[in-house]
Amino acid sequence: MAMTTTIQAEQSLYIAGEWQSGQRTVANINPSDISENLGDFAQASQAQVQLAIDAANAAQPEWEKTPMERKLAVLQAIGDELIARCDELGRLLSSEEGKPFAEGRGEIYRAGQFFQYYAAEVLRQVGDTAASVRPGVSVEVTREAVGTVAIISPWNFPTATAAWKIAPALAFGNSVIWKPANLTPASAVALTEIIARQGLPAGTFNLVLGSGAEVGDTLINSTQIQAVSFTGSVDTGRKVAAATAPNFVRCQLEMGSKNALIVADDADIQIAVEATIAGSFSGAGQKCTASSRLVVMDGIHDAYVEALIKRMSELKVGHALEDGIFMGPVVDGKQLEANFGWVEKARQSGAELAFGGERLNLKHEGYYMSPTLFVNTQNSWEVNQEEVFAPMACVIKVSDLDEAIATANDTRFGLTGGIITQSLRTSALFKEQIQTGCAMVNLPTAGTDYHVPFGGRKESSFGPREQGQYAKEFYTVVKTAYQRPY
C-alpha cells in the first residue's frame, strides 16, 4: 500500500469530521535524539472538547444503525492499512516513544489485528431467547451500544492500547472521543487519518489532543457521555472514577501494577533469564505488565543472578531506529529523572546494585538509562511496592513455593504474575493461588494475546475486562424484551 501519512501537526485535532487547529501547540521531542522536534501538535480548548462531545452524540445513532457489513468493512480496512504500513508507522511510533523499531513495528501490526478481530466480531453480535415463566410470553435478550465513549490512552503503547479500545467501541455501534497521551501525538494523528478515510458519519470518531487538566477533565466530568475507558496511573484512575460516579457514567480503568516473576528451584535457568530480559527490560520497562519483582528461590538464586547479569551485559542500548539495539531511551526527561529517583531509593533502603543504574551518554543525546538490577531486597520496601516504570528489577530471595506465592501476592496490585518451573504441580498451584488477572508459566509477564480478556485485580483494574468478546460487557448495554403475541 503506497499511502503514507500526511500529518499537519498544527491541524492535528479531528472534530466533527474536520481537521482543526487548537488553542496552542506543544513540541513532540524525539527521546532518542532530543535535538529533533517531530512537530508542534495542536492542543484542544475546552470549547473544542465540547464540540467533539456534541458531534459524537449527534452521529452515534446513525453509526449504530449502519448496516453491519458496512461496519465490518470499515474496521477491516483500518486493520488492513495498519498492517500494510507497519514499517512506516512503526518508525514514527518508535521515533516519538523511544521503543526499538522492531517493537514499534510489532505494535502497529498488533493494532491492525485488533481492528481485524473486531471487524469479524461485528457479525457475532447475536442475542439470546428464553422461555418466560408466564404462558404465551416470549423473552429476547439483546445488546445495544452504550452511546458516546471517551477513550483516554497512555503513551507507552500509543497505538495498540488505543486500538483495543477504539475497535470494539466502533464495532458495537458507539461513537468515540479519543484523548491520547500528549507525549505521542504523531501516532495518534496517523491512526486518526486512517480512520477518517473510511467515511464514517461526521462526529463518529473524534481526536482531541491536550493535557489531562483541560481535555481529560472536561471529558470525565461531562454528563453528555455514557462511558469512559482509561489506561494510566492509579492516581489518575481514582480521579476518573470519582468524576464519573456522580454522573452515573460507566468507567473502565486499567492502571498500574507491580508484577512478580517467580523463579523456582527447578527452573531452566536459560528460560528464566530470557523471560526476565523480555519481561523486565524490553520497552525500557515502561509496561504495566513488566516484571519488576524477581522472586527467586534460594536453591537457584546465585546461579540465576549470575546468568542474568551476564545476559544484561550483552544488551545494547541506543537510538530507537538503530539496528541491533535491544532497548531505546525512556520516554522523556521527567521519566528519566523519576527512574534515577527510584535507583537512589533502592540504594537508601539497603539494596545492592548488581548491574546498571547509570545514565548513558551515547552518540545521540537522549534519555538513555542502562538496564538495572538490584539484589538482596525486601518485598516490603517501597521500591518493591510501587510501580517504577523503569528498566529496573529487584531480586527478592525466598525459601520455597509457599513463600514465593505469598510474596508475589503481597502487593496492592494484581495485573500479571509469572513463574518459571518444570513442575506441573508447581505451575498448577501457582495458577490457582496467584492473585492476578493474568498468570504466565514459563513465559515473560509482559505479552498477551488480542482475542482473550486482559485485566487485573486489586488496584490494577476496575470495571469489565478489555479485549476479546469480553469487551462487549463494557461497550454495550443489555436489553431484555418481553412479548405476548396478542
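1. Is glutamate 382 buried, partly exposed or exposed? Glutamate 382 is partly exposed, because its relative accessible area is 42%. The classes are: buried under 20% relative accessible area, exposed over 50%, partly exposed in between, with a 1.4 Å probe and protein chains only as cover. Areas come from the Shrake-Rupley method.

2. Ground rules. This is a predicted model: local features need pLDDT of at least 70, side-chain atom pairs count only at pLDDT 80 or more, and totals for chains, interfaces and linings use all residues. Residues are numbered from 1 along each chain as its sequence is written, and side-chain values use heavy atoms, leaving out hydrogens and water.

3. Glutamate 382 and lysine 345. Their side chains meet in a salt bridge at 3.6 Å, N to O. Glutamate 382 sits in the loop between strand 15 and strand 16 and lysine 345 in helix 11, so the pair ties together parts 37 residues apart in sequence. Lysine 345 is partly exposed at 35%. The salt-bridge criterion is a side-chain nitrogen of Lys or Arg within 4 Å of a carboxyl oxygen of Asp or Glu. By this rule there are 19 salt bridges. Helices (H or I, at least four residues) and strands (E, at least two) are DSSP runs, numbered from the N terminus.

4. Arginine 412 and glutamate 386. This salt bridge has its closest N and O atoms 2.6 Å apart. The pair links distant parts of the chain, 26 residues apart: arginine 412 is in the loop between helix 12 (401-409) and strand 17 (416-420), glutamate 386 in the loop between strand 15 and strand 16. Arginine 412 is partly exposed at 31%. Glutamate 386 is partly exposed at 25%. Elsewhere, salt bridges that share partners join Glu81, Arg85, Glu88 and Arg197 into one network.

5. Arginine 85 and glutamate 88. Their side chains form a salt bridge at 2.9 Å, N to O. Arginine 85 is buried, with 2% relative accessibility. Glutamate 88 is partly exposed, at 24%.

6. Strand 15 (residues 372-375). Both faces are covered: Thr372 and Phe374 on one side, Leu373 and Val375 on the other, are all buried. In a regular strand the side chains alternate between the two faces of the sheet. Strand 14 (residues 352-355) pairs with strand 15 in the antiparallel sense over three bridges. Strand 16 (residues 392-398) runs parallel to strand 15, also with three bridges. Pairing requires at least two DSSP bridges. Phenylalanine 374 has leucine 353 as a bridge partner and stands opposite cysteine 394 in strand 16.

7. Positive phi outside glycine. Phenylalanine 248 has phi of about 55 degrees. Its place is the loop between helix 8 (234-244) and strand 11 (250-254). Phenylalanine 248 is exposed, at 79%. Phenylalanine 389 has phi near 60 degrees. Phenylalanine 389 lies in the loop between strand 15 and strand 16 and is buried, at 17%.

8. Negative patch. Asp265, Asp298, Asp400, Asp402 and Glu403 gather on the surface. Patch members have over 30% relative accessible area and no salt bridge, with like charges joined within 9 Å. Aspartate 265 is in the loop between strand 12 (259-263) and helix 9 (269-281). Aspartate 265 is partly exposed at 40%.

9. Glutamate 322 and proline 100 are 222 residues apart in sequence and 7.8 Å apart in space, C-alpha to C-alpha. Glutamate 322 lies in the loop between helix 10 (298-312) and helix 11 (333-349).

Key: Patch = residues over 30% accessible without salt bridge, like charges linked within 9 Å, V, L, I, M, F, W, Y side chains within 5 Å. Areas by Shrake-Rupley, 256 points an atom, 1.4 Å probe, with all protein chains shown as cover. Lys, Arg positive; Asp, Glu negative; His and termini not counted. Charge placed at Lys NZ, Arg CZ, Asp CG, Glu CD.
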